[in-house]
Amino acid sequence: MLEHALISGAYLLSIGIYGLITSRNMVRALMCLELMLNAVNVNLVAFSNSFDCRQVKGDIFSIFVTAIAAAEAAVGLAIALAIYRNRKSIRVDQFNLLKW
């Protein structure tokens, strides 16, 4: 069971890294970052269930990571919305236009 969880976590992480590197849209980049954080959560829960069945330290830590990811998504989307209102584009390669 541990191997399957680690393989799926590595797969999610690699998809997230590839999407983060190749995306031009800021919303897509934030989604890929969330995918990477979810891959970390899968690995945390898998290791927690594999090594400490009686303690839930990995499960609790993954809840904290999820809360941080939700706050990061809210702040990131607010920044994307503010950039879109001013520049009518949220492409990552056009962020040098934000300079005054």
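What radius of gyration does the chain have, and what value would a compact globule of 100 residues have? The chain has 17 Å, whereas such a globule would have a value near 13 Å; the radius is taken over C-alpha atoms, and the globule rule is 2.2 Å times the number of residues to the power 0.38.

This is a predicted model, in which local features need pLDDT of at least 70, side-chain atom pairs count only at pLDDT 80 or more, and totals for chains, interfaces and linings use all residues. Residues are numbered from 1 along each chain as its sequence is written, and side-chain values use heavy atoms, with hydrogens and water left out.

The chain contains 3 helices and 0 strands, in the order α-α-α from the N terminus. Helices (H or I, at least four residues) and strands (E, at least two) are DSSP runs, numbered from the N terminus.

| Property of the chain | Value |
|---|---|
| Span of the C-alpha trace along its principal axes | about 55 × 25 × 15 Å |
| Buried share of the 100 residues | 24% |

Ser62 belongs to helix H3 (residues 57–87). Ser62 counts as buried because its relative accessibility is 9%, buried meaning under 20% relative accessible area (1.4 Å probe, protein chains only). Leaving aside residues up to four places away in sequence, Ser62 touches Asn41, Leu44 and Val45; contact means heavy atoms within 4.5 Å. Of contacts in the chain between residues at least 6 apart in sequence, 57% join residues at least 24 apart.

Notes. Buried < 20%, exposed > 50% of the residue type's maximum accessible area, 1.4 Å probe, protein only.
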